[in-house]
Amino acid sequence: MTARTPAETVRDIPEATVARLPVYLRALTALAESGITTCSSEDLASAAGVNSAKLRKDLSYLGSYGTRGVGYDVDYLRYQIAREIGVTQDWPVVIVGIGNLGHALANFSGFRSRGFRTVALLDAAPHLHGEEVAGIKVQPFDELETIVRENSVAIGVIATPAVAAQDVADRMVAAGISSILNFAPAVLSVPPGVDVRKVDLSIELQILAYHEQRKAQGEPA
């Protein structure tokens with residue numbers, strides 16, 4: 001198989017597949033921690049919550065890492081997926097907005113174990129400055145540019161109220177951040193070349209409420 005450059009990889013893999021790769025990585029990690037060294041596509045698909053045909057199609061974009069009659073080497077496939085999505089390296093991250101959600105994100109151990117290192121917690125509220133959360137002191141938001149420059153930060157997390165989210169995003173982009181994870185209930189406007197992923201917990205709850213209502217009315221989900 002001819003090796004592909006990172007740019008070719010980005011073009012070749014559909015966005016829906018990219019969204020599922022972290023799910024496969026999590027499933028493979030769980031299998032490895034259980035002492036399983038090889039698995040079939042059916043076993044991995046079941047662990048990831050997808051059908052095996054979709055999984056095989058997704059993995060075909062990465063190359064041929066399975067062996068007919070044997071399956072996948074769990075550790076090797078886990079490394080290949082981690083490399084493909086860029087988590088074999090350390091990614092410095094800044095979190096802006098240290099309210100209840102910001103505290104929870106700062107304390108989330110899953111960031112570190114998946115290749116993301118929180119280098120700074122920032123907030124505009126003076127009474128929070130100097131407070132220690134998960135071993136990191138909260139700093140003024142005005143320190144953003146310096147922190148991004150000194151730590152080569154490319155990923156920023158917004159956990160502010162909606163009214164402040166766009167201003168924070170603008171400052172992040174101006175400072176050089178090119179990927180934003182947005183927890184604020186607001187739609188952000190960013191220039192081309194900046195990626196935004198939105199996480200809105202209230203919308204997810206509303207979707208669940210819709211399904212619960214349909215079940216209560218006796219309609220198929």
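The face of helix α9 turned away from its buried side carries Val-163, Asp-167 and Ala-174, which are exposed (over 50% relative accessible area, with buried under 20% and partly exposed in between; 1.4 Å probe, protein chains only). The model is predicted, so that local features need pLDDT of at least 70 and side-chain atom pairs count only at pLDDT 80 or more, while totals for chains, interfaces and linings use all residues. Residues are numbered from 1 along each chain as its sequence is written, and side-chain values use heavy atoms, with hydrogens and water left out.

The buried residues of α9 are Ala-165, Val-168, Ala-169 and Met-172. Seen down the helix axis, these residues fall within an arc of 105 degrees (taken from the directions from the axis to the C-beta atoms), so they line one face of α9. They pack against β4 (91-96), α8 (144-151), β8 (155-158) and β9 (179-182), where contact means heavy atoms within 4.5 Å. Helices (H or I, at least four residues) and strands (E, at least two) are DSSP runs, numbered from the N terminus.

Just after α9, Gly-176 takes a positive phi of about 115 degrees.

Ile-155 stands opposite Ser-179 in β9. β9 also pairs in the parallel sense with β10 (residues 195-198), over four bridges, and Leu-181 stands opposite Arg-197 in β10.

Key
Pairing = 2+ DSSP bridges.
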